[in-house]
Amino acid sequence: MAVEATAPRYDQILVNVPHIELKKFKAIVKALGFTIEKRSDLDIAIAEAEAGKVKKCSSLDELINAVG
């Protein structure tokens, strides 16, 4: 009788933590044996673009007006 080993299944979630609580949150995550994977700036930018949080401007004047 052969016994099959199965790899553990992981779920990835996005959690928003107030900056003031970040140190405590990281300690709790570490104590539970979990890891925190930091997203790169590029990954964040791609996610924002996919979510439609990017404004397209056709000229520099339009960009200046959109920014402020």
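How many nonpolar, polar and charged residues does the lining of the largest pocket have? In this predicted model, the lining divides by class into 11 nonpolar, four polar and five charged residues. The pocket itself has a volume of about 1,000 Å³, and 20 residues line it. Those nearest the centre of the pocket are Ile-13, Leu-14, Val-15, Ile-36 and Glu-37. Helix 1 supplies four residues, the largest share of the lining.

Helix 1 spans residues 22-31 and is the element with the highest confidence in the protein, at a mean pLDDT of 96. Confidence is lowest in helix 3, where the mean is 90. For the protein as a whole, the mean pLDDT is 89, and 96% of the residues reach 70 or more.

Helix 3 comprises residues 60-67, Ile-64 among them.

Technical notes:
Residues numbered from 1 in each chain as written. Predicted model: local features only at pLDDT ≥ 70, side-chain atom pairs only at ≥ 80, totals over all residues. Heavy atoms only, no water. Helix = DSSP H or I, 4+ residues; strand = E, 2+ residues; numbered from the N terminus. pLDDT = per-residue confidence, 0-100. 1 Å grid on protein atoms, 1.4 Å probe; cavity = no way out; pocket = protein on both sides within 12 Å on 5 of 7 lines; lining within 4 Å. Points joined across faces, edges and corners; volume = space filled by probe spheres on them. Nonpolar A, V, L, I, M, F, W, Y, C, P; charged D, E, K, R; others polar.
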